[in-house]
Structures are given as C-alpha cells and as structure tokens.
Amino acid sequence: MLLTIRNMLGAPIMSLQTGQPLAKLGMPIINPHNLKIVAFYVNGPMVGFSPAVLFSEDIREFGEMGAIVDSSDNLLSPEGMVRLGEVISYGFILDGIHVVDEQKHKLGRVENYTLNPDDFMIQQLYLKPTLMKSLSIAHLTVSRDQIVAIDNDKITVRTPTVREKAEQKIVAVNPSAVPFENPFRKPKPATEPAKSKN
C-alpha cells in the first residue's frame, strides 16, 4: 500500500521498546538520483540535539500510531555520516519543484507524492497544474517511470506519444471506454443447472 508524504509529515515516532512517542517526522531527505527517501529530519522534546535524523530503513512500519522504531537509539545526528551528508549536500527538495515535459512545456508543480513504505522509493508525483492547464485539468499524476531527468530546479518527464494522447482523450470523454474491475465486487459463484426430478 502506497503512502502519501502529506500523511507522514508530523506523524509521531513511536518506540517499540517503551511504547512512548520519541519525536515527530519532519522533512524528508531525498536522493535525487533514484528518488528514494533515505532519512527524515526529526524533532521533539525527547531529542536532545539538532539536527537529528531517522533513517527510513529504521522505520519498522508506518500505521495509525505513526512511525514505529526500535528505540531512541534510532534517532541520530547526521554529523560525520559521509553518505548521508552527500545526499544532504544536493539540497534537493521535491515539494514545489517544477515539472516539464521533453518539449519544455510546463506541466505544474509537485504538491504531493506517494512512496512505497517497504523501500521508501517515491512512486507517483501529484502536480498542481499551471494556470492554463488548470482550466481543463484539476490534478496531474506522474509515475516514476515517466521521469527522464531530475535536477534541483525541475523534473523532466517523457512527452506522451500521439497514441497515448489519443487514449487519454478517450478516457477523458468516455471513462467507461477503459475496462474497470471493481475490487469490492465478489465474482458470483458458478451455479450448476438444476437437476430434473425423475
């Protein structure tokens, strides 16, 4: 099940050892080379140093209670961590970044995104469209396999082919043109023909 970053930010970090909240999840630290959240900044009264981070791999699970970790030992200072320091030095912030296609057409800005809690890889970007596009489209969604380039100023996505554009128009005009399987509807059991009485 994918999670949105908006649902995670500010969530409590719970200790499995004590059952008590340790801190809250702050801004993610994202590696732009593979769009993976490697860690989160954390803050709270139980954290005695700043900045403090929690590696995403130390989150056992994320649920209604928040992010579950083993103990307060998982909250660390990034000082002296070479690999994490390198990712931090990129200064990459996904929230609000411009998204353009290969033809340099502006599509919008990132306003939310989903991630896989198993590996913390970002899977989909939700865009707030540009003013012109917002007249016809309320929201745009970009999957990670559409991304062709990333830098600190923008994300470039693959320009849809003529065929893909035609398919998008068909869906917009007639959503029933695409087969839809209702996951909540159970298939009806096959009924056997009634046996005739002799």
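This note sets out several points on the predicted model shown above.

1. Overall composition. The secondary structure of the protein amounts to 4 helices and 14 strands. Of its 198 residues, 34% are buried. The protein exposes about 13500 Å², and carbon and sulfur atoms supply 55% of that area.

2. Contacts along the chain. When contacts between residues at least 6 apart in sequence are considered, 47% of them join residues at least 24 apart.

3. The aromatic pair. The count of aromatic pairs comes to 1. Its members are Phe 40 and Phe 120, with 6.2 Å centre to centre and 75 degrees between the planes. The pair is edge-to-face, because planes over 60 degrees apart are assigned to that class.

4. Setting of the pair. Phe 40 belongs to strand S4 (residues 36-43), whereas Phe 120 sits in the loop between strand S10 (106-115) and strand S11 (122-129), so the pair ties together parts that are 80 residues apart in sequence. Phe 40 is buried, at a relative accessible area of 0%. Phe 120 is also buried, with 3% relative accessibility.

5. The second largest pocket. This pocket holds about 230 Å³ of space. Its lining includes Asn 31, His 33, Lys 36, Val 38, Phe 55 and Tyr 90. S4 and helix H2 (82-89) each supply at least two residues of the lining, and H2 gives the largest share, 4 residues.

6. A cis peptide bond. Ser 50 and Pro 51 are joined by a cis peptide bond, with omega at about 0 degrees. Pro 51 is located in the loop between S4 and strand S5 (52-55). A reader tracing the backbone may wish to view this loop alongside the two residues discussed next.

7. Positive phi at Leu 35. Leu 35 is not a glycine, yet its phi is positive, at about 55 degrees. The residue lies in the loop between strand S3 (21-31) and S4. Is Leu 35 buried or exposed? Its relative accessibility is 3%, so Leu 35 counts as buried.

8. Positive phi at Lys 104. Lys 104, likewise a residue other than glycine, has a positive phi near 70 degrees. Its place is in the loop between strand S9 (98-101) and S10. Lys 104 is exposed, with a relative accessible area of 61%, whereas Leu 35 is buried.

How values were computed. Residues are numbered from 1 along each chain as its sequence is written. This is a predicted model: local features need pLDDT of at least 70, side-chain atom pairs count only at pLDDT 80 or more; totals for chains, interfaces and linings use all residues. Side-chain values use heavy atoms; hydrogens and water are left out. Rings of Phe, Tyr and Trp (its six-membered ring) pair if their centres lie within 6.5 Å; planes under 30 degrees apart count as stacked, over 60 as edge-to-face and the rest as tilted. Buried means under 20% relative accessible area, exposed over 50%, partly exposed in between (1.4 Å probe, protein chains only). On a 1 Å grid over the protein atoms alone, a cavity is a set of points where a 1.4 Å probe fits but cannot get out, and a pocket is an open set with protein on both sides within 12 Å along at least five of seven lines; lining residues have an atom within 4 Å of a point. Grid points are joined across faces, edges and corners, and a volume is the space filled by probe spheres set on the points. Contact means heavy atoms within 4.5 Å. Accessible areas come from the Shrake-Rupley method with a 1.4 Å probe; for residues, only the protein chains shown count as cover.
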